[in-house]
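Have the viewer open as you read.

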Amino acid sequence: MDLHEHQAKRLLAAYGLPVPIGEVATSVDRAGQAARRLGCSEFVVKAQVLAGDRKAGGGIRFASTPAEVEDAARKLLGSRLVTRQTGARGADVSAVHVEERITVARNLYVAITLDKLSGTIVMLASAKGGDDIEERAADGDTIIARLPLRIEGTRIVGNFEAFAARIAGEERLAAGLATVLGNLAAAFLGCDATLIEINPLAVTDRGRLCALDAKVTIDDNALFRRADLADLKTHNVDVAADASEREAQSFQINYMKLEGEIGCVVNGAGLALATHDLVVDAGGRPANFMDIRTTASSLDIAKGLGLLLQNRSVRSLLVNVHGGGMQRCDTIAEGIGIAMRRAGRSLPIVIRMAGNNARFAETVLRNNGVVYTSVDDMAEAARIAVEAARQEAA
Amino acid sequence: MAILVTPDTKVMCQGFTGRAATFHCARMLSYGTKLVAGVVPGKGGRSHLDLPVFDTVAAAKEATGAAASLIFVPPEHAAAAMIEGIEAELDLLVCVTERIPVLDMVRVRQALNGSKTRLIGPNSQGILAPGIGQLGVMSTVDARPGRIGIASRSASLTSEVVLQTTTAGLGQSTTVGVGGDPVHGLSLSAAVELFLDDPATDGIIVIGEIGGNEEEEVAALLQTRQAAKPIVALVAGRHAPPERRMGHAGALTTGGRGSAAHKIAALETAGVIVARDASRVGQTMREALAR
């Protein structure tokens, strides 16, 4: 689960990290009221979307008066923001964060995340922060220092002092930075985060540190023991997910809507990715990504398929199912049978089933009156589904 | 023979009396796996599936000589179960459990460091050595004893490639699912290395997918070790739409790796035959062996 900037900043402040004063607002009036309460001489109005590179996308605006804050909020609220990190679909702006504009002397970069391969927690830092840090790191212009950390009991341990001294350069700043890094580590473990990134971590004109932005991702698998954070889950809707994608989750199905015509029904994430590749290779465009989880019942599958069949762009269905030890083909066949009876539309269906109970599944499909083309080879199945969609469109 | 398991491997199951564990243990027993004990804290002294149940891993190991464990413990207790297995100095742990908090896995990796234990998973379908035994939840209907080793990040594509290698008349020496979680035990490249050293494996199939950098590590391994057997790889997700990202740290930790194109290029440079068509992996291996 990704946190919005305003949530992340509140969370980090509770761990002693310095953040600008600010308030979140969901309407123009409230943004103005927030600005008047804050009473700053300069403001920043920031679109609250769950992705980075907002500045280049126009999602960060500056203002000097509450009236200008209202103007900025008016432009941002209700708009759709597209940045390099949102994907082409962009993200709807339903809230802005109004905060004090900090006068910056220099910008640092700090983050704590997982190094997946070594299975360790790693802190990353650079003496030069900013949105273009990836490009600068790739070009070798900016050095990213790494500090591997260990969990000991309820603490993350590491030599934050030495690491801070390397980044800060100047002694006065190093002590403050070491405290920030220690608090960052405590927040990471305390919240079961998988990412906390502060970019930039500003050094103000008065020599103080301040987190101007914060990206926090919480491990969904740990929400069972973080009740306070679990409550945020209902508010933090994935920017990219539409309603059908969220609904599918409740049916034990990972579903992502795409722009194409071939409806894909697949079990297992790897097989789903491979099926997607085969459809594109055959010249088609998948209408979705679907991974039926092993825990899905036939009724779940029927409901998930229902979501797919509601999408009027879908012109043919490609079912590629490999029955494993936990999810058998006949369960999925039954789900297809129920979904097609409810669908109230007919379209070409190409079915390839293999593995556990594949033959029995064909009987189940026939007993349910499903009209379909049966294909043994999945690449061939993809080609036939693409061709069928083409003929439907014609 | 196979990697990781032998006909003499004695296995215990942690979380033995749960519903899924009971179902899969019964299947493993009928497949001929030497499952000899179960471990469930508080249920020691009972019997389940005609096998003795113990309170601790150490007690089960002491009484039965089992040195491998299949872990079916719910996510909130799974890390503790793995660490118990590591502290009891088992040779092999296979963890099937999904949705374990990732920081728990960081603790498990710390416990694995310097231990004698090998961990497969979590979120793994397990290990299948056709004709020898099964430590996991995969279907066995299409598997046949043979000489192809399969190291995989995907359970569903493993089933698929098992079917293809059987259809191609090759069969499998062992299949290993390294697990779908970001932090796990045995890496894909470590699994490939075991197959390189296995005299019963004539060819290796690597099943990868987008994300992470395990395929790149396989390529790096093969740059340092000349493979004396053909290696065929499948990388799923060549046409997957780019994912939304949060910040820069992900890219900074992996150095921009992770795309299918990057993985395929790295593998091909290392001499791996990359099958573009997921339905032709078995056939591609048969052709490679005939060369």
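A cavity here is a set of points, on a 1 Å grid over the protein atoms alone, where a 1.4 Å probe fits but cannot get out; a pocket is an open set with protein on both sides within 12 Å along at least five of seven lines, and lining residues have an atom within 4 Å of a point. For volumes, grid points are joined across faces, edges and corners, and the space filled by probe spheres set on the points is what gets reported.

Some housekeeping before the tour. This is a predicted model, in which local features need pLDDT of at least 70 and side-chain atom pairs count only at pLDDT 80 or more, while totals for chains, interfaces and linings use all residues. Residues are numbered from 1 along each chain as its sequence is written, chains are lettered from A and ligands numbered from 1 in the order in which they are written, and side-chain values use heavy atoms, with hydrogens and water left out.

The structure holds 3 cavities of 30 Å³ or more.

| Space | Volume | Lining by class |
|---|---|---|
| Largest cavity | about 100 Å³ | 6 nonpolar, 9 polar, 1 charged |
| Second largest cavity | about 50 Å³ | 6 nonpolar, 1 polar, 4 charged |
| Second largest pocket | about 870 Å³ | 10 nonpolar, 13 polar, 6 charged |

Where does the largest cavity sit? Of its 16 lining residues, Met138(B), Ser139(B), Thr158(B), Ser159(B) and Val162(B) lie nearest the centre. Going by secondary structure (DSSP runs numbered from the N terminus, with helices being H or I of at least four residues and strands E of at least two), strand S18 (316-323) of chain A and helix H5 (155-167) of chain B each give at least two residues to that lining. H5(B) has the largest share, with 4 residues.

For the second largest cavity, look at chain A. It has 11 lining residues, and Leu3(A), Glu5(A), Val49(A), Ala214(A) and Lys215(A) are the ones nearest its centre. Going by domains (bounds come from an automatic or database domain assignment), at least three lining residues come from each of domain 1 (21-100) and domain 2 (104-233) of chain A.

The second largest pocket has 29 lining residues, with Thr294(A), Thr295(A), Met326(A), Ala20(B) and His24(B) nearest its centre. Helix H1 (residues 19-30) of chain B hands over the largest share of that lining, 6 residues.

**Domains**

Chain A is split into domain 1 (21-100), domain 2 (104-233) and domain 3 (243-393). The C-alpha centres of domain 2 and domain 3 of chain A are 43 Å apart. Chain B gets domain 1 (10-120) and domain 2 (126-290), whose C-alpha centres are separated by 26 Å.

In chain B, 21 residues of domain 1 are in contact (heavy atoms within 4.5 Å) with 24 residues of domain 2. These two domains bury about 1700 Å² between them, 65% of it on carbon and sulfur atoms; buried area is the accessible area (1.4 Å probe) that two parts lose on being put together, summed over both. Arg27(B), Tyr31(B) and Ile120(B) supply 35% of the area that domain 1 of chain B buries against domain 2 of chain B, more than any other three residues. How many salt bridges (a side-chain nitrogen of Lys or Arg within 4 Å of a carboxyl oxygen of Asp or Glu) run between domain 1 and domain 2 of chain B? The count is 0.

**Between the chains**

The contact between the chains takes in 55 residues of chain B and 76 residues of chain A. About 5000 Å² is buried between chain B and chain A, and carbon and sulfur atoms give 58% of that. Across this interface there are 4 salt bridges. Arg280(B) also forms a salt bridge with Asp377(A), and the closest N and O atoms are 2.9 Å apart.

**Inside chain A**

Over all chains, the salt bridge count comes to 38. Arg54(A) and Glu5(A) meet in a salt bridge at 3.0 Å, N to O. That pair links distant parts of the chain, 49 residues apart: Arg54(A) is in the loop between strand S3 (43-47) and strand S4 (60-63), and Glu5(A) is in helix H1 (residues 5-14) of chain A.

Leu232(A) is in the loop between helix H7 (227-230) and helix H8 (243-250) of chain A. Leaving out residues up to four places away in sequence, Leu232(A) touches Met1(A), Leu3(A) and Gln7(A).

Technical notes
Ala, Val, Leu, Ile, Met, Phe, Trp, Tyr, Cys and Pro count as nonpolar, Asp, Glu, Lys and Arg as charged, and the others, Gly among them, as polar.
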